[in-house]
Amino acid sequence: MIQIYRVCKTYQGDICALTNINLHIQRGGFIFLTGPSGAGKTTLLKLLLCAERPTSGHIIIDGRNIDRIKPWQIPLLRRRIGVVFQDFKLLYNRTVFENVAFALEVIGASREEIRKRVLYTLKMVRLQQKAGVMPHRLSGGEQQRVAIARSIVHEPIILLADEPTGNLDPDLTLEIIADFETINARGTTIIVATHDYTLVNRFRRRVVELRGGHIVSDVPAPEEKQFEAPLHGF
Ligand SMILES: Nc1ncnc2c1ncn2[C@@H]1O[C@H](COP(=O)(O)OP(=O)(O)OP(=O)(O)O)[C@@H](O)[C@H]1O
Ligand SMILES: [Mg+2]
């Protein structure tokens, strides 16, 4: 689903944010991208969104090389990717329903289609009762779930989350990651960038660790426990 080959990213002023990144993520994969502040996590997510361009190397998303993507093609790529940020980025003068519907309005979905899909998605994140509410009346965890609903309502193939639980307490954090697991179980490939190692240790998923712009470790999810075949004759 995502293939990154020898990618380097140098910002203006010779700041080398990523060096020789090689990373392959399968369709339906779920990875934690971890590492201390300044490691390059956000930069890597930005490259996948074409919000920044690599200085060298190649990135292939769903079989398409995005190195030389034309500016007019970027919105088409972004329709296939959902994004969740630490600070929710909700529209506070619009209801929960309208916040989620917005992602479908911009792609020209019909009114009926929008209604059906928004309500379905709000149900997935357990917010169907809050459709008419303004976001400032919601808790932090609920606001983040609105942001998640908005990021998946157009059924992206990839979901990128940048410190999605950075503003939440530990219980809400677990809820949010559980929501990501539900979304992942439906086939969406998910990358969660976080410097929260307790979170990473709690969920048994593939963990890619960046430090100073290098991948320093890539630990696959522990194998599902294998049941031993019954002994012959039992
Ligand atoms: N727009 C930019 N211009 C110049 N340097 C940048 C820019 N964005 C990031 N950097 C630098 O690139 C490096 C990687 O930053 P990045 O934001 O990707 O790290 P991060 O792992 O997401 O950190 P954090 O955990 O604090 O969010 C840092 O040294 C940062 O200062
Ligand atoms: Mg960051």
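User: Which element gives the most to the lining of the largest pocket?

Analyst: β6 gives the most to that lining, with four residues. The model is predicted, so local features need pLDDT of at least 70 and side-chain atom pairs pLDDT 80 or more, while totals for chains, interfaces and linings use all residues. Residues are numbered from 1 along each chain as its sequence is written, chains are lettered from A and ligands numbered from 1 in the order in which they are written, and side-chain values use heavy atoms, without hydrogens and water. An element is a DSSP run, either a helix (H or I, at least four residues) or a strand (E, at least two), numbered from the N terminus.

User: How many residues line the largest pocket, and which lie nearest its centre?

Analyst: On a 1 Å grid over the protein atoms alone, a pocket is an open set of points with protein on both sides within 12 Å along at least five of seven lines, a cavity is a set where a 1.4 Å probe fits but cannot get out, and lining residues have an atom within 4 Å of a point. Here the largest pocket is lined by 17 residues, and Ile81, Val83, Ala103, Arg150 and His154 lie nearest its centre. The elements that each give two or more residues to this lining are α2 (74–78), β6 (81–85), α3 (96–105) and α5 (140–152). The space in the largest pocket comes to about 470 Å³, where a volume is the space filled by probe spheres set on the points, joined across faces, edges and corners.

User: How many cavities of 30 Å³ or more does a search of the whole structure find, and which residues line the largest?

Analyst: The search finds one cavity of 30 Å³ or more, and the largest cavity has a volume of about 30 Å³. Its lining consists of Ile4, Leu23, Ile25, Ile31, Leu33, Leu44, Leu48 and Ile191, with β2, β3 (30–34) and α1 (41–49) as the elements that give two or more residues to it.

User: In what order do the strands of the open sheet lie?

Analyst: Two strands pair if DSSP finds at least two bridges between them. In this model four strands form an open sheet in the order β2-β1-β4-β5, with antiparallel pairing, and the edge strands, β2 and β5 (64–65), each pair on one side only. Seven bridges join β1 (residues 2–11) to β2 (residues 15–25), and five bridges join β1 to β4 (residues 56–61).

User: How many residues lie between β1 and β2 in their hairpin?

Analyst: Three residues lie between the two strands, and in the turn Gly13 has a positive phi of about 90°.

User: Which residue lies over the face of Phe85?

Analyst: A charge sits over a ring if NZ of Lys or CZ of Arg is within 6 Å of the ring centre and within 35 degrees of the ring normal. In this structure Lys89 lies over the face of Phe85, at 5.1 Å from the ring centre.
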